[in-house]
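Reader: I have just opened this one and would like to be walked through it. Could you take my questions one at a time?

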Amino acid sequence: MELLDKQSIWQVRNSYLGVYVHFPYCFKKCDYCDFYSEGIGPGPANDEKSLFQSYQKEILDRTNHFPEIKNRTIDTVFFGGGTPSKASPKHWKELLDFLRSEFSFSDNPEISIEVNPEDLSSDLLAAYHSIGINRVNVGVQTLEPKGLEFLGRHYDGDRYGSLLKVLTHSPIKRVGIDLMYGIPGVSKESFYRDLNLFLEAGLPHLSLYSLTLEKGTQYSRDVSDHKKKEPEEDTQSNILTQLPNLLKEHAYLWYEVSNYAKPGFESLHNLKYWTYEPYLGIGPGAHGMIAGNRYGNPRNSNLYQKKQTNTKYEPVDPGTELSLTLFRLFSPFRYLDFIETYLDAKTKPKYLKTIEGWEKRGLCSIDAGVFQWNQEALLLLDDLILEISL
C-alpha cells in the first residue's frame with residue numbers, strides 16, 4: 001500500500017473478499033442500538049450450536065448463488081453483533097476452519113471480533129489469539145456509570161475497571177475501543193477524561209461516535225414519551241470538530257469521519273464498506289454485497305435458522321453507493337480510479353464537476369488523481385455527499 005505522509009492511499013481492489021458474521025445475542029439489548037440483537041442474560045444462547053451450523057449453510061448457499069466469489073481471496077473476517085464475545089471461542093474456531101476449507105485466504109488476513117467489557121478477560125484474549133483472531137474491538141461507550149445507565153447498558157464495574165490493564169497486556173496487538181459522546185447527563189469533560197485514558201495507553205484504534213437517535217429503538221421511544229432527553233447536539237458538534245487536532249497530536253491518523261488509528265492499524269474490514277469492495281454478510285440481520293448486488297437476512301434468529309437462505313438480490317447503483325461511502329473517508333484515496341472503474345459515462349462528468357467545485361471552495365485537495373477532504377468539510381459532509389449523490 002502506498003503512503004502519503006505515513007497515511008495509506010486507498011484504491012480500487014478487485015480480487016479480495018471480506019466476510020462479516022453476525023452473532024445476534026447480548027446480555028441485554030442497549031436502548032440506543034438499532035442493530036438486530038436480543039438480550040438473553042448472562043448464560044450462553046440455547047441455539048448457539050444450531051446457529052453456527054446455519055452460518056456454514058448460508059456460506060455454501062451464497063457460494064452457489066455467486067460461484068465467482070470462490071476466485072476471490074479472503075483478507076478480512078469480522079465477527080460482529082450483538083455480542084459475539086458471548087459465543088464460545090470453540091465455535092468461532094470451527095467457523096474459521098470451515099471458511100479456510102472453502103476459500104483461499106491471504107497470507108496475513110485481518111480477523112476481528114467485537115467484545116463487550118463484561119466478557120473481556122486475559123483468558124478470553126488468549127483463547128482468541130490461539131485460534132487466529134488478531135484484532136479486537138471493545139464497545140466501551142463511556143466509563144461513567146450514569147452514562148451507561150442512560151444508554152441502557154449492562155454494567156460490571158470490576159470489568160470496566162480492569163479494561164485498560166487487560167487491553168494493554170493483550171497478546172492481540174490490534175486493539176480498538178468505541179467511545180460515545182453527547183450522552184445527556186455526561187459532560188464534555190467526562191468524555192475527554194475517558195478518551196485521555198485510552199490515548200495515554202496508546203491503544204492503536206479509536207472509534208469515536210456521537211450518540212444518535214435511531215427510529216425504532218427504545219431510546220427513540222423514551223425521547224418521544226419525554227422520559228429521556230435527545231442527544232446533546234451542541235456538545236457533539238464541539239467535540240466532533242476538536243477531535244481531529246487532538247488525535248493528530250497523539251499521532252493518530254484520521255481516516256474516516258469517526259475513526260482514528262495509528263499508522264497501519266486501520267480497520268481493513270470496515271474499509272471494505274467504504275471503498276466498494278465485496279463482502280459476504282452471514283447471519284440473522286446481516287447484509288452483504290456480492291457482484292454488485294446487495295442482500296439482507298431476516299432480523300430473526302429462529303427464522304434465519306429454519307428458512308431457506310434469502311435469494312432476493314438488489315442491484316447496487318455505484319453512483320449512489322460511492323457517494324454515501326467513499327466520501328466518508330478523510331484519508332486520501334485514488335478518486336479517478338474509483339470513478340473510471342465503477343461509474344458509467346453519464347455519471348462520471350457529474351462526479352468530476354462536483355469534486356472540482358469542492359476544490360475551488362477549499363473543501364478538498366486533489367493531487368495526481370488523489371482526493372482528500374480538508375477539515376473544513378467535516379460539519380458540511382452530509383450536505384456535500386447529497387450534492388454528489390443527487
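Reader: Where is His226 found?

Author: In this predicted model, His226 is found in the loop that runs between α8 (218–224) and α9 (233–249).

Reader: And is His226 buried or exposed?

Author: His226 is exposed, since its relative accessible area is 73%. Its backbone also deserves a look, for the phi of His226 is near 60°, which is a positive value in a residue other than glycine.

Reader: Let's go inside, then. Which residues touch the most other members of the largest nonpolar core?

Author: They are Leu195, Phe327 and Trp373, in a core that has 102 residues. Leaving aside neighbours within four places in sequence, Trp373 is in contact with Phe327, Leu329, Phe330, Trp358, Leu363, Cys364, Leu381 and Leu384. Apart from that core lies another one, of 11 residues, among them Cys33, Leu151, Met180 and Val223.

Reader: You listed Leu381 and Leu384 there. Which residues of helix α15 are buried?

Author: Helix α15 covers residues 381–389, and its buried residues are Leu381, Leu384, Ile385 and Ile388. Seen down the axis of α15, these buried residues fall within an arc of 100°, so they line one face of the helix. On the other side of α15, Asp382 and Asp383 are exposed.

Reader: What do the buried residues of α15 pack against?

Author: They pack against α12 (318–325), α14 (348–360) and β18 (370–373).

Reader: I keep seeing rings. How many aromatic pairs does a search of the whole structure find?

Author: The search finds 31 aromatic pairs. One of them joins Tyr20 and Phe78, whose rings are stacked, with 6.1 Å from centre to centre and 25° between the planes. Tyr20 lies in strand β3 (residues 16–23) and Phe78 in strand β6 (residues 73–81), so this pair ties together parts that are 58 residues apart in sequence. Tyr20 is buried, with a relative accessible area of 12%, and Phe78 counts as buried as well, at 6% relative accessibility.

Reader: What about Phe333 and Phe371, how is that pair arranged?

Author: The pair of Phe333 and Phe371 is tilted, with the ring centres 5.1 Å apart and an angle of 35° between the planes. Because Phe333 lies in the loop between α12 and α13 (335–342) while Phe371 lies in strand β18, the pair ties together parts that are 38 residues apart in sequence. Phe333 counts as buried, at 0% relative accessibility, and for Phe371 the value is 0% too, so Phe371 counts as buried.

Reader: Which residues do ring pairs link into a cluster?

Author: The cluster consists of Tyr276, Phe327, Phe333, Tyr335, Phe338, Tyr342, Tyr351, Trp358, Phe371 and Trp373. Phe327 and Trp373, both in that cluster, were also named for the core.

Reader: Which ring does the charged end of Arg62 sit over?

Author: The charged end of Arg62 sits over the ring of Tyr295, at 3.7 Å from its centre.

Reader: Changing topic, where is Ala45, and is it buried or exposed?

Author: Ala45 has its place in the loop between β5 (38–39) and α1 (48–65), and at 12% relative accessibility Ala45 counts as buried. Not counting residues up to four places away in sequence, Ala45 touches Tyr25 and Ile40. The C-alpha atoms of Ala45 and Trp373 are separated by 44 Å, and these two residues are 328 residues apart along the chain.

Reader: One last thing: what pLDDT does the chain average?

Author: The chain averages a pLDDT of 94, and 98% of the residues score at least 70. Over residues 1–5, however, the pLDDT is below 50, and this stretch has 11 contacts in the model beyond near neighbours in sequence.

Technical notes: Residues are numbered from 1 along each chain as its sequence is written. This is a predicted model: local features need pLDDT of at least 70, side-chain atom pairs count only at pLDDT 80 or more; totals for chains, interfaces and linings use all residues. Side-chain values use heavy atoms; hydrogens and water are left out. A nonpolar core is a set of buried Ala, Val, Leu, Ile, Met, Phe, Trp, Tyr and Cys residues joined through side-chain atoms within 4.5 Å. Buried means under 20% relative accessible area, exposed over 50%, partly exposed in between (1.4 Å probe, protein chains only). Contact means heavy atoms within 4.5 Å. Helices (H or I, at least four residues) and strands (E, at least two) are DSSP runs, numbered from the N terminus. The arc is that of the directions from the helix axis to the C-beta atoms. Rings of Phe, Tyr and Trp (its six-membered ring) pair if their centres lie within 6.5 Å; planes under 30 degrees apart count as stacked, over 60 as edge-to-face and the rest as tilted. A charge sits over a ring if NZ of Lys or CZ of Arg is within 6 Å of the ring centre and within 35 degrees of the ring normal. pLDDT is the predictor's confidence in each residue, from 0 to 100.
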